[in-house]
Each structure stands twice: as C-alpha cells, then as structure tokens.
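Please examine the sequence and the model before reading each solution.

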Amino acid sequence: MPHRPAELTPTPEFLGHSSARPLHWLATATAMAAVIAAAGLVQPDASATGHAGPEAAPASGPQATAPDPAAVTYPLDCKGLPTAVTATAQGDLDGDGRPETVVAVRCDAGSGTPPHAIYVLAQDKAPGSTPRVVATLLEAGKRQTATELTVRDGVVTASLLGYSSPQVPRYSPDVKQLAKWRWSGGKFRQELTNSDARSV
C-alpha cells in the first residue's frame, strides 16, 4: 500500500539495520518516504552557466546528450574493487531542457549480490565539461538491489529488493518495494509502495 511522502534530513549514509529487530526495520522503512537532495543539485554548475534555476530556458541548438555513466567516478567504497553500472535511464528530471542520467551502481565483487546505489548524473553546458554525480537517490548502505530502473515524465522508478531482518539470507530477499523519485521544490521526493514479501 502507498505511504505518504515525508521529508528526511540528508545524511552521508543511511543507518544500517544489522542489529535491529524485524519490526523496527519495517517501521524504519515505512518512515523512509523521501530522499532529499540539496536544492539546485540537479542544475548545472552556476559558475559554468551563469544560472541554475529550475525555470532556466532549454538550451538552443542541437539536442543535448545525456551524461555518460562511463565518464564518472562513483562515491562507493568498494575496498579496491571496481564499480559496475548495472542499469541506466535518461530523462529531463528538473525541467531545464537538458537530460540527466540515472544509474544503478554496485561494487563488482565477481560473486554474490552487492547492494546498489542509485545516482543522478548531470553535465554542465561548458565545452569539455565532464559528467558528475549531483544526487544520491539510494545509498548502498540500505543494502537493497535495484531493478527495472526507468525515467518517464520526469519521474525515476525502480523496484527495490531487500530484507526484513538480518537473519534473511542475502540470496533470498523477502521485501519488495516500488520506489519513485520526483524533483519537486528543489528536492528529490521519494514515494515507496510495499509489495507482498512472499512474491519476491
């Protein structure tokens, strides 16, 4: 069933639930109804463009291309292992006429199922500028797997597979959520819909 959107204070890492009881874990997940990026993060660097508001006019000339995920260094601590981009989606998330790229990234461990992080990439208009991570929609610390990543009509959607307790085997997630992120009022707001755990 859907949960009401709410705001969360941005933190460097979501708190882990390794010692929490299942009921506490589910209550925390229910309360987690919004992921917020600081205002203006999706917009291009103001020093490079001269303006960074959501009402900026679309760029004239050829259609802008979405940022290249292969040109970005991701802020994942993989203990020396490389990162792997497992899914991408492109679309204009902030209404400025320029597309962003949304990526699902995890450590390339070679075995097992490392958790995903989901990032938003943007690129400045200045010639020679490189793509950069401007927002984190899902922290790897949440220990979820992201599938079915899409961008449609400015909304990012992904299915998130997770665990109701630390006792659940990592190869058998028992919680499934449909997550949607929408840029609104200078923030990414997240909406979560829980699915029947037995369907995972």
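**Exercise 1.** How many aromatic pairs does a search of the whole structure find?

*Solution.* The search finds 2 aromatic pairs; rings of Phe, Tyr and Trp (its six-membered ring) pair if their centres lie within 6.5 Å, and planes under 30 degrees apart count as stacked, over 60 as edge-to-face and the rest as tilted. In one of them, the ring centres of tyrosine 74 and tyrosine 119 are 5.8 Å apart and the planes meet at 20°, so this pair is stacked. Tyrosine 74 has 8% relative accessibility and counts as buried (under 20% relative accessible area; exposed is over 50%, partly exposed in between, with a 1.4 Å probe and protein chains only). Tyrosine 119, at 2%, is buried. Tryptophan 183 and phenylalanine 188 form an edge-to-face pair, with 4.9 Å from centre to centre and 70° between the planes. Both tryptophan 183 and phenylalanine 188 are buried.

The model is predicted: local features need pLDDT of at least 70, side-chain atom pairs count only at pLDDT 80 or more, and totals for chains, interfaces and linings use all residues. Residues are numbered from 1 along each chain as its sequence is written, and side-chain values use heavy atoms, leaving out hydrogens and water.

**Exercise 2.** Determine which cysteines are joined by a disulfide, and its handedness.

*Solution.* The whole structure holds 1 disulfide (a pair of cysteine sulfur atoms within 2.5 Å). Cysteine 78 is joined to cysteine 107, with S to S at 2.0 Å. The torsion about their S-S bond is about -85°, so the disulfide is left-handed. Both cysteine 78 and cysteine 107 are buried.
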